[in-house]
Amino acid sequence: MSEDVRLVAWVRGHVQGVGFRWFTRATALEIGGLRGFALNLGDGRVQVVAEGTREACQKLLDWLQGADTPGRVDGVTEIWDTPRGGYEGFAVR
């Protein structure tokens with residue numbers, strides 16, 4: 001049985017104004033089984049919150065840290081936690 005987890009990631013770099021949140025949502029939907037959101041922060045970062053299986057969340061994190069993202073990712077800081085629930089699907093905020 002795969003335990004559900006919560007991933008909170010803060011993505012630094014040139015990640016606003018390049019479709020980063022939209023592509024993050026599309027990737028989360030492609031992976032499947034993820035709920036959460038992607039949100040632009042006032043300091044130029046994008047915050048990504050995803051809940052689902054550890055495997056699915058890790059796939060999303062791998063994508064966030066990879067070379068296929070729009071814009072330019074300089075770094076990703078992540079925290080793993082227990083899910084809080086309350087999300088329907090994966091949203092762009």
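Asp 4 comes out as partly exposed, because its relative accessibility is 34% (buried is under 20% relative accessible area, exposed over 50%, and partly exposed in between, with a 1.4 Å probe and protein chains only). This is a predicted model, in which local features need pLDDT of at least 70 and side-chain atom pairs count only at pLDDT 80 or more, while totals for chains, interfaces and linings use all residues. Residues are numbered from 1 along each chain as its sequence is written, and side-chain values use heavy atoms, leaving out hydrogens and water.

Asp 4 sits in strand β1, residues 4–14 (strands are DSSP runs of E, at least two residues, and helices runs of H or I, at least four, numbered from the N terminus). A polar atom of the Asp 4 side chain lies 3.5 Å from the backbone nitrogen of Thr 53. Along the chain, Asp 4 and Glu 51 are 47 residues apart, yet their C-alpha atoms are separated by 6.8 Å.

Glu 51, for its part, belongs to strand β3 and counts as buried because its relative accessibility is 1%. Its side chain joins that of Arg 6 through a polar contact of 2.8 Å (a pair of N or O atoms within 3.5 Å; within protein, one must be able to donate a hydrogen and the other to accept it, and residues adjacent in sequence count only if both atoms are side-chain atoms). The Glu 51 side chain also has a polar atom 3.0 Å from the backbone nitrogen of Gly 85.
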